[in-house]
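Welcome! Take a look at the model first, then read on.

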Amino acid sequence: MLPNLTPDTALAERLFDELRAATHDGVGITREAYGPGEAKAHAIVGAAAAQLGLEARHDPIGNLVMTLPGSDRAAKRVLLGSHLDSVKTGGNYDGAAGVLAGLAAIAGMKRAGFVPARDVAVVAVRAEEAGSWFPVSYPGSRGALGLLKPEELALRRQDSGRTLAEHMREEGFDPGFVERGGRTFSAEDTAAFLELHIEQGPVLDAEGIAVGIVTGIPGSRRLRKARVIGEYNHSGATPRKYRRDAAIALAELAHRVDERWARLEAMGHALVCTFCVLETTEEAGFTKIAGEARFQLDVRSVNPRSVDALMETLYEIVPEIEARRGVRFELGAETSSRAAPMDAAIQQGLTRAAASLGVSHRAMASGGGHDAAAFVQAGIPAGMLFVRNQNGSHNPNEAMRMEDFRSACAVVTRWAAEMAQ
Ligand SMILES: [Zn+2]
């Protein structure tokens, strides 16, 4: 029989306030990956963990691990957490909510005198938003899991021009850990990873549901530098049959791919498809037929077959438009990422916990990428719990109701206690 454990959400609320005060940039929240904002956040959370009497330490590349020891220290740990960095002028909850929920859970356990059968730990991962600071994804969690490649340490931060390794060293950490193949967590010592995160999208708020139980993190296929080459000509003097109009060719492609997306969705596929850039070039102008157009395409789904189905359509349509409109597509190299399905048993456990606590919930795919994907890649069963939030994320207006956060913390605590029994 599990004791009735209550997460210490008052502690989490106090820490949200402290984080906001320490990292507000005048407009929003800025906690640069491997920079001063992130360091301040780690200092605040690390000090709170030490005050609670938890074991708190940074691993060699700066991930903060806070542990409530279990009765069997050799048993695989249950791990909770998320990241503490943010995009430039972002919100206070993206990332921090998952770290503070974990801390609230183990603080509640400690307060109740609950000794888990195995360690329950919380990790504050470094640099999850690295993508907006460094051209590398998840260096903190991948570094902790032995998945970061040593050559990625040489990638430079866009604004500072200095490498990831240099930024790590400046913050007092040791990038040599990555070169030596070090690991903070592995499938041999970690039973499960659970990341609570704000939803970042409108679904839960629109449907009046407090939490989302995530089925998976989508994989993607992307065209980052695609072009359509036609011919610049006078818009008045060139009859239709002599035109090689790159803008209209691209418009047709976008329209037909979008229609195909709608048909796939009607057939039950869950995917998203975005022409992130759709433009003519600087040479375009009034009284000219566009001789060149550029686009970026981002297709994502938890199910790789859905992404493939849409991309196949694109590759079928392109030669047909080329032949009919006298243009040439240069699609460029495709980049892709693998989907990360969330562990089925964790999804069931979260569903049980939410149901028994009377917290409204639904299953849903993640829209964005998260550290949990790196844990899946390392063979560690992972789950995610989304919290209803308002105004999206990565912006200063990002919001979350504390009552929803408290409900989600209760689900996390119940699940973690059951896992660590
Ligand atoms: Zn995040």
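Predicted model: local features only at pLDDT ≥ 70, side-chain atom pairs only at ≥ 80, totals over all residues.

His 83 counts as buried because its relative accessibility is 0%, below the 20% cut-off.

- His 83 belongs to strand E3, while Asp 94 sits in the loop between E3 and helix H3 (96-111), and the two are 11 residues apart.
- Asp 94 counts as buried too, because its relative accessibility is 3%.

**The sheet**
- Strand E3 has a place in an open sheet of eight strands, which follow the order E1-E2-E4-E3-E5-E17-E6-E16 with mixed pairing.
- At the edges you will find strand E1 (55-58) and strand E16 (361-364), each pairing on one side only.
- On average, neighbouring strands of this sheet are turned by 25 degrees against each other, direction ignored.

**Strand E3 and its partner E4**
- Strand E3 (residues 77-83) and strand E4 (residues 120-125) run parallel and are joined by six bridges.
- Within this pairing, Val 78 stands opposite Val 120 in E4.

**A helix on the sheet**
- Helix H10 (residues 344-357) packs on the sheet, where it touches strands E5 (190-198), E6 (211-214), E16 and E17 (382-387).
- The direction of H10 makes about 160 degrees with that of E6.

Note on methods
Residues numbered from 1 in each chain as written. Heavy atoms only, no water. Pairing = 2+ DSSP bridges. Helix = DSSP H or I, 4+ residues; strand = E, 2+ residues; numbered from the N terminus. Axes fitted to C-alpha atoms, helices over the stretch in contact; angles between N-to-C directions. Contact = heavy atoms within 4.5 Å. Buried < 20%, exposed > 50% of the residue type's maximum accessible area, 1.4 Å probe, protein only.
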